[in-house]
Amino acid sequence: MDYWDVQWRGYKEDKNASRFCETHPYVINSQGVWEILTYKAQGMNFWEYPLPNLEIIIFSTYVIWRLFDFTCTKIGLRLPRFTYMMIAGIILGQTCHINNKLWLHNIFFPNDVRPKVAETLGGFGFFMYWFLKGVTMEAGTGLRMGRKAGVIGFTTMFVPLICGNFLFRWRKRGNISLLTTEYRLIIFMQSISAFTSIDTLLRDLKIKHSEFGRIALSGAMVTDMLAFIITFLNAMHYEKYSGLMQTIFSCLFFAFMIFFVRPAMYWVIKQTPEGRPVKDIYIYLILALACLSFKYFDMIHSYGPAGSFVFGLTVPNGYPLGAAFVQKFESFNLGAIFPLFGSLTMMQVDVSWLLKECGNLVRMEGQLYEVVSFVLFVNATKFIASTIAAFSFKMPLRDSFALALVLNNKSVFELAYFAYAVEIKKVRPEVFTIFAAIILLNSIFIPMALELVHDPTKRFKSYRKRNLAILKDGAELQTLVCIYKPNHITSMISLLEAFNPSKDSPMACNVLNLIELLGQATPMFISHQLQKPELGSISCSDNVVTSFRRFRQKHFEYTTLDIFTSVSMSKHMHEDICWLALSRSMSLIMLPFHRTWSADRSTIISNDDKLRIININVLRRAPCSVGIFIYRKPIVEYHMAAYHCKICLIFNGGKDDKEALAITNRMRMTETRISLTIIRFTPAFSQMENQLMEEALQMVSLKETVTNIVKEKDESVTYIDRAVSDGSETSKILRAMGNDYDLFIVGRGSGVGTEATSGLSEWTEFEELGPIGDLLASHEFPSRASVLVVKKQVYIHHTKSQKWKSK
């Protein structure tokens, strides 16, 4: 090596030129034009210095992958970002190999032994990526989904694992070009569904926060758990004593994380005042511990990034601790550092050798054919097993196909692990080239196929029934109460009081206080169970917390209370509501109406159009039943000994009316001071055609229709059938009885398409309330009674036609 060549790079050679050492201070940057003028031919090009070299690599990879990202987004093709990073690596690698003397080749493939700064930084980016994936994930994700996640994950993992091993044993009888370690690694990597790869795909396609996404992530988490177990069993089987020690030290690490580190994380949260950021000392200490976890796994001869991922799981996700790491490190890591890993790893792919090997693929021989045919077989068995497992749990067939596609996705983890296997000499570079190409094609075509079979617009819909009609007697009612303004506190507590929590009717009350994000503030999601306000300060939700805790004290034996505050932009608030309802398996979302009037109904006090848009979006996307509450006066006043509450239910037989009936029955389950009137509007005989006349004569009485739901206290229930010819008669009847009740309950779709709403629909001001609900909520309606408009859950029903139905 030339003396000047190493000296200018900050090195010194020894006398026999067998080794060289760094000199300090280290020269990292060029002296510019003065260097060329002073040293002329002895000087170096500016890109040969470490810092400019790193800047050029970062800039070139960023420009290329962002260009692909922008172009594909414009044409409507949605792919994971890591796919574009891999494509950027292929392009740069092939451009550099056009001419080995080209200056670009010297930048990316220097022919000296300088420290590989870009590769090292990319490796650090991958470490941060895995750590942050652990941080953003709930440790109990796989367990919370229960038997469904367990069966899908187990089937997805073991069916291809067993089938792949059978095919490998059959091939061993003949001539094989792959090593046994390579076969074992391919079987293992194709059988698992790495959580990080699945999470990346779902997040980039914007379907992570959905019932479908939860099932996919839960199944992936189960396969990851099984993968750890299989890894340790294989280590003990093949490596004997060293494998046993690796397993023991790994289990000790897991135990230390669960029993010491996780409680310490919650202690950090409790030390952080509500609404305040986590102290930087805690952030950097946790980051240092993540690095030590990486080193610990590396020392016990295990996969280092797995240590940082497991450590990341101990960090509680969400605000304030998990969100602090995401806000501080994720954008910079994904934008600048992590792309180096994807691009520089793919630059090691030997595309020219791969193209030559394609000829052997056609002749069904050679390494490429052996790997591709084996991977296709294992993937096919995995796809079929995943589809059958999902379909057996009553997922629609299209969604079962989509889930199988997601669980077959290969991305960053698989590429990283094969690169690691090349470094430890378990996989040859040729096999890495083939598998890297397979991963790239997989990450391109699976998202495209997913677009065809999965509808992301229905991402908050549930595969399970979550409504009051299916709740058994004595089952806990899971409710989500939304608060936008201080005056909503009184109205929502009044509605909760009407449910009268008791031993036979327990309630889990989840309160979400929504605050609009203004200016440059940061979105937050605060759990008031974990965080307390700073001493001497007032919480942004102090009134909400105090009021609802007072409500719980009145019903403390039969009510559980969780209070949250979400600070976000108004256009995203409905997503916060739907996601919280989905993640906590709610049965009913209670929303306040966007308009309030004065006591005499003469003037409008407030009219918030943003709140109305939020309510409409929640109705469209909610994973459970929804109630919009128009408050006028307290429903039940239990402090008055002689008080008697009168509820009127408008029941015309639709699915929303049945849910409204279930809510009514829940309110009067244990309360004797509530009387119920059920009124139904039927077509007048004079307006009927012959066929409709026959159907009307066969119509079952109202009492017989609802008797299977209203089981108790029939003496306090009044049934009224009224014949109407159009909506004007419906309006007259309701106006006449407006002052007789304290609460009207009606289904949003009640009477739609019948004579009862004929003419009303054309004059509806608020479509989210339905025609009858809009009439009752109108300021012209002569009543001070409150109104609850109910919409029953729409869930994904398991049918051969795969249509959306509600039952």
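Let me start at one spot in the sheet: in strand β15, the bridge partner of Phe 744 is Val 787. What we are looking at is a predicted model, in which local features need pLDDT of at least 70 and side-chain atom pairs count only at pLDDT 80 or more, while totals for chains, interfaces and linings use all residues. Residues are numbered from 1 along each chain as its sequence is written, and side-chain values use heavy atoms, with hydrogens and water left out.

The strands (E, at least two residues) and helices (H or I, at least four) are DSSP runs, numbered from the N terminus. From β14 the chain crosses through helix α29, residues 770-777, to β15, and this β-α-β crossover is right-handed, meaning that, with the strands pointing away from the viewer, the path from the first strand over the helix to the second runs clockwise. Strand β10, residues 625-630, is also joined to β15, by 5 bridges, and these two run antiparallel, with Ile 630 standing opposite Val 787.

Is β15 enclosed or open? Of its 6 residues, 786-791, 6 are buried, so the strand is largely enclosed by the rest of the structure; buried here means under 20% relative accessible area, exposed means over 50%, and partly exposed is in between, with a 1.4 Å probe and protein chains only. In a regular strand the side chains alternate between the two faces of the sheet. In β15 both faces are covered, with Ser 786, Leu 788 and Val 790 buried on one side and Val 787, Val 789 and Lys 791 buried on the other.

Let me turn to the nonpolar cores, each of which is a set of buried Ala, Val, Leu, Ile, Met, Phe, Trp, Tyr and Cys residues joined through side-chain atoms within 4.5 Å. The largest of them has 127 residues, and those with the most contacts inside it are Phe 108, Phe 131, Tyr 303, Leu 321, Phe 325 and Leu 403. Helix α20, residues 429-453, gives the most to this core, with 12 residues. A second, separate core has 48 residues, and Phe 744, where I began, is included in it, as are Leu 480, Met 586 and Ile 720. Going back to Tyr 303, and leaving aside its neighbours within four places in sequence, its contacts (heavy atoms within 4.5 Å) include Phe 126, Trp 130, Phe 297 and Tyr 420.

Now for charged pairs. Side chains of opposite charge can pair when their charged atoms come close. A salt bridge is counted when a side-chain nitrogen of Lys or Arg lies within 4 Å of a carboxyl oxygen of Asp or Glu, and by this rule the count comes to 14. One of them joins Lys 485 to Asp 608, with the closest N and O atoms 3.5 Å apart. This pair links distant parts of the chain, since Lys 485 is in the loop between β3 and α21 and Asp 608 is in the loop between β9 and α24, 123 residues apart. Lys 485 counts as partly exposed at 25% relative accessibility, and Asp 608 also counts as partly exposed, at 21%.

Which residue forms a salt bridge with Glu 765? The partner is Arg 595, and the closest N and O atoms are 3.4 Å apart. Glu 765 is in the loop between β14 and α29, whereas Arg 595 is in strand β8, 170 residues apart. Glu 765 is partly exposed at 46%, while Arg 595 is buried at 11%.

A further salt bridge holds Asp 721 and Arg 680, whose closest N and O atoms are 2.9 Å apart. Asp 721 lies in strand β13 and Arg 680 in strand β12, so the pair ties together parts that are 41 residues apart in sequence.

Finally, a word on backbone angles. Phi of His 301 is near 65°, a positive value in a residue other than glycine; His 301 sits in the loop between α13 and α14, and it counts as exposed at 67% relative accessibility. Phi of Lys 425 is likewise near 65°, and Lys 425 is placed in the loop between α19 and α20, where it is exposed, with a relative accessible area of 72%.

Key: Pairing = 2+ DSSP bridges.
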